[in-house]
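Have the model open as you read along.

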Amino acid sequence: MKVLITGVAGFIGSHLAHSMLTQWHKVIGVDFFERSDARLLNRMRLDNLHKTKGIEYHNVDIADRDQVEPIFSLHKFDMVINLAGQAGVRSSIKNPDLYARSNVQGFLTIIEACKKYDVKHLVYASSSSVYGMRDNMDMTFSTDDRTDGPVSFYAATKKMNELTAHVYSHLFNMRTTGLRFFTVYGPWGRPDMMVYKFTYNIYNKIPIDIYNHGEMFREFTYIDDIIDGINIVIKNETDVKYMLYNIGSNESIKILDFIDVLEEEIGIGAVS
């Protein structure tokens, strides 16, 4: 199977590419991180892919149709896995234009190319943030839950992706699958993620910012479980054209309990 992975130099993208290469799929990866604060880490992930198995890589801005279409025209993909985009809730509030270009325009460019070049299946990254705020402490999530109340621009862009995919599945009989990820962590993760920021602060005796008096919960999902989930979706044969899945642990952890675990493992108490 010939697969395009966008965001291949990212955290999830690089792990997925390695997994698919070991399954002997033909993987073409695209990414675009010249202006990214994490460009060094992205290059290290990409170098690691080249060393372990080798991958065809293209430096492409997915929001630019003139850059995207030649890749689709050349390769005739069986599947596209769109993991590219800007991540992070708080930074989306500070820089919405960047998120709109990458997450909304970029997704539209990819799904348009999938339609034009008759790609059999588009899998794309959504986020648990589309669920918004909870009115109670019930932290169980279902794809049947309402998602019309996002509380960040990042969440709004991901909901827009889901709505766009629904329209294309309905109008053009395209198979699309959205994956709502829940706080992914593991090797090669982004340094701005909570797991790594808290760890860094504890090691360096920097106070940890805790919101809502610590009365916050997260579902943490190890990267290998995310990749297993994506592989299951890839192999799933179905006639259903539009699908959404939660990819998470189904167990919510209180942030203060999470900090306790970090303190125990590191052997250093956090500075309050």
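Are Y99 and Y154 buried or exposed? I looked them up, and both Y99 and Y154 are buried (buried is under 20% relative accessible area, exposed over 50%, partly exposed in between, with a 1.4 Å probe and protein chains only).

**Ground rules.** This is a predicted model, where local features need pLDDT of at least 70 and side-chain atom pairs count only at pLDDT 80 or more, while totals for chains, interfaces and linings use all residues. Residues are numbered from 1 along each chain as its sequence is written, and side-chain values use heavy atoms, with hydrogens and water left out.

**Aromatic pairs.** I found ten aromatic pairs in the structure. For Phe, Tyr and Trp (its six-membered ring), rings pair if their centres lie within 6.5 Å; planes under 30 degrees apart are stacked, over 60 edge-to-face, and the rest tilted. Y99 and Y154 make an edge-to-face pair, because their planes stand at 85°, with ring centres 6.4 Å apart. This pair links distant parts of the chain, 55 residues apart: Y99 belongs to helix α5 (residues 96-116) and Y154 to helix α6 (residues 153-172). Helices (H or I, at least four residues) and strands (E, at least two) are DSSP runs, numbered from the N terminus.

Next I checked F220 and F258, which are stacked, at 4.7 Å centre to centre and 20° between the planes. F220 lies in the loop between β8 (217-219) and β9 (221-222), and F258 in helix α9 (residues 255-266), 38 residues apart. F220 has 12% relative accessibility, so it counts as buried; F258, also at 12%, counts as buried. Ring pairs join F220 and F258 with Y185, F198 and Y222 in a cluster.

**A charge over a ring.** K115 has its charged end over the ring of F172, 4.5 Å from the ring centre. The test asks for NZ of Lys or CZ of Arg within 6 Å of the ring centre and within 35 degrees of the ring normal.

**Positive phi.** Which residues other than glycine did I note here? K76 has a phi near 55°, and K76 sits in the loop between α3 (65-75) and β4 (79-82). With a relative accessible area of 52%, K76 is exposed. D118 also has a positive phi, about 55°; D118 is in the loop between α5 and β5 (121-127), and is exposed at 64%.
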